[in-house]
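Subject: Structure handover and notes

Dear colleague,

Please read them with the coordinates open.

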Amino acid sequence: MFSLSGAGRRVLSLLLIAGLLAIFCRPATADVPPKRELRGVWIATVENIDWPSARNLTPEQQRREYIRMLDAQQRTGINAVFVQVRPASDAFYQSSLEPWSKWLTGTQGKAPSPAYDPLPFMIEEAHARGMEFHAWFNPYRGSTDTLTRRLAPLHPFRQHPEWFLRYSGKLLYNPGLPEVRQYINRVILDVVRRYDIDGVHFDDYFYPYPEAGKVIQDEAAFARHNPDGLKLPDWRRQNVNILIRDLHDSIQSTKRWVKFGISPFGVWRNQATDPNGSATRAFQGYDGLYADALEWVRKGWVDYLLPQLYWSSTFRLAQYPVLVEWWARNANGRHLYIGHGAYRMSESTKADTTWRNPRELPRQVRLNRTFPTEVGGSVFFSSKSLLANALHTTDSLRQNLFRYPALVPTMPWLDAVPPRPAQNLTLTAALPANTLTWQPSPIASDGDLAAYYVLYRFEGDETPTPNDPRRILAVIRPRTGTGLAFTDTTARPGQTYAYYLTAVDRLHNESRPVSVRTTGRTGEIILAQAPAETPAATPTAPATPPATTSPVTVPAPRPAASPPVANRPAASAVTKIKTKTKPKKKGFFRRLFGGR
């Protein structure tokens, strides 16, 4: 034991007070959502789960329904959609390889009437709202039943019935056949080449979920295509691995900016089975589906994993926190997003009643953010469930956790070169709004052009930094129709502002900012100079598609006031020219093991 003098006690008291002040007076940024975060939603088309809502809708009704859905998801804060474009060896796009989907037109093989291709429309509408579009394919599902007489003439079963297995009332492609893998690769690359997608996405359906008394009848393929003499489980895993490896290489050699990601079952293996597994007691994707997700990230065959963690924080067989930590530890440098079971909140199941607590889903998102370098975001199954706003959880996302816009995290292994800044940024200060215009960024050293622009606004007494999502005023994506411009209708008359504008490329690398500052007076035009830039080597032919001409602006609302932020970057030089301007006026386990 020891004693302190009066002076020592005073010093200790001051230290304790300082510590408490440090705790209670932390900067507000501690509770600010991250600037970089993928916020996605699955849009399932199989069985008309999410879109279209029925098989008998006209193309115009389908388009209106899709637009309403995206508008609502944009208000929630979603910045990526995972749309099921090939649910069962059929197509939600014009294809010479596979028939139109019955969930689009009511009859497999029947084209939309009046004729249109839904996929370019869906991609364009997502991009217009600042959302990535990931084309979701089910690689091995041939049909959801075995009534082959209903299959359209273009269905591959008509030409190659030997490619298929019958299992549990479904037709499945045989993963053990090299010609099947080549065909699936061909189908997906057809979409990669012809459409402006951001990613290729698989869910958890590889080999089928096992059912009691059912056997996968792939003995002939096992005997004929097993040169390494592997045991049956290892051979099946190898078949899946070959598909993943070859598809990854094909995508990268076709369009290097298209991501490839997979959403595996939430448990790789249990610790009781494998010391490298998770502390869970659940079905194992490695053994049951022959899906070795860890091998895919170790080999760099995927750009992201999106495990389906559809359990609550207290579910004793597979607790959400246990699994998030396990996947974060095993991401191996690739992106990790977490799949959340938003549909669970609408179920009456007694197996996992924690989902009846409105705090559960927000709690999961907050837990993800405690792994800032490993977990890059959240994706919700599915769109319909999120829009239902069960337990007002969607309100919690919109008003709190997703209340500011977020940029999608970068993937430096695909592209680490930022675009060049925008040119000729000009601000016209007039009543009732400030209007900013600019010219597109020049081509970058890697041949890329800006895909969109981010506009930040700071009040005159703040230190500007583009690292704070609270200051994002708008995300502007070029579209055919108008020039690059944004009108700030929320600017207060007489208030001074600093506007920072950055250019962002297809893979979300962000340029250095150009900036303009107002004086608070109307009737002035302010020009900004681009920051000094080291001359770059003359690029070869552009590696990305050319930017569309005559772009349109897409505002991202929800600017908010908050205390000043620090770490100001070097500001660009500003030239002011003042002129007079006139003022301008199914149950849990069914969802888990089947039905998507």
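Within what distance do the axes of helix H6 and helix H8 come, and at roughly what angle do they cross? Before I answer, please keep in mind that this is a predicted model. The axes of H6, which covers residues 178-194, and of H8, which covers residues 232-254, come within 10 Å and cross at roughly 30°. Because angles under 35 degrees count as roughly parallel, H6 and H8 are therefore roughly parallel to each other. The crossing in which H6 passes H8 is right-handed, and the contact is made on the H6 side by Arg181, Ile184, Asn185, Ile188, Leu189, Val192 and Arg193, and on the H8 side by Asn239, Ile242, Leu243, Asp246, Leu247, Ser250, Ile251 and Thr254. Sorted by class, the residues in this contact of H6 with H8 are eight nonpolar, four polar and three charged.

A second pair of helices is described in the same terms. Helix H11 (residues 320-329) packs with helix H12 (residues 360-368) at an angle of about 25°, and their axes are 11 Å apart. With 35 degrees as the limit under which an angle counts as roughly parallel, H11 and H12 are therefore roughly parallel to each other as well. H11 passes H12 in a crossing that is right-handed, and here the contact is made by Tyr320, Pro321 and Val324 from H11 together with Gln364, Leu367 and Asn368 from H12. By class, the contact of H11 with H12 consists of four nonpolar and two polar residues, with no charged residue.

I also looked at two individual side chains. Gln84 has its place in strand E2, which spans residues 80-86, and since buried means under 20% relative accessible area, Gln84 counts as buried at 0% relative accessibility. A polar atom of the Gln84 side chain lies 3.0 Å from the backbone nitrogen of Val46, and the side chains of Gln84 and Asn138 are joined by a polar contact of 2.7 Å.

Arg420, by contrast, is found in a loop, the one between helix H14 (393-401) and strand E13 (423-430). With a relative accessible area of 17%, Arg420 is buried, because the cut-off for that term is under 20%. A polar atom of the Arg420 side chain lies 2.5 Å from the backbone oxygen of Ile443.

With kind regards

Key: Residues are numbered from 1 along each chain as its sequence is written. This is a predicted model: local features need pLDDT of at least 70, side-chain atom pairs count only at pLDDT 80 or more; totals for chains, interfaces and linings use all residues. Side-chain values use heavy atoms; hydrogens and water are left out. Axes are lines fitted to C-alpha atoms, for helices over the stretch in contact, and angles run from 0 to 180 degrees between N-to-C directions. Helices (H or I, at least four residues) and strands (E, at least two) are DSSP runs, numbered from the N terminus. Angles under 35 degrees count as roughly parallel, over 145 as roughly antiparallel, 65 to 115 as roughly perpendicular and the rest as oblique. A crossing is left-handed if the near helix is turned anticlockwise from the far one by less than a right angle, and right-handed if clockwise. Contact means heavy atoms within 4.5 Å. Ala, Val, Leu, Ile, Met, Phe, Trp, Tyr, Cys and Pro count as nonpolar, Asp, Glu, Lys and Arg as charged, and the others, Gly among them, as polar. Buried means under 20% relative accessible area, exposed over 50%, partly exposed in between (1.4 Å probe, protein chains only). A polar contact is a pair of N or O atoms within 3.5 Å; within protein, one must be able to donate a hydrogen and the other to accept it, and residues adjacent in sequence count only if both atoms are side-chain atoms.
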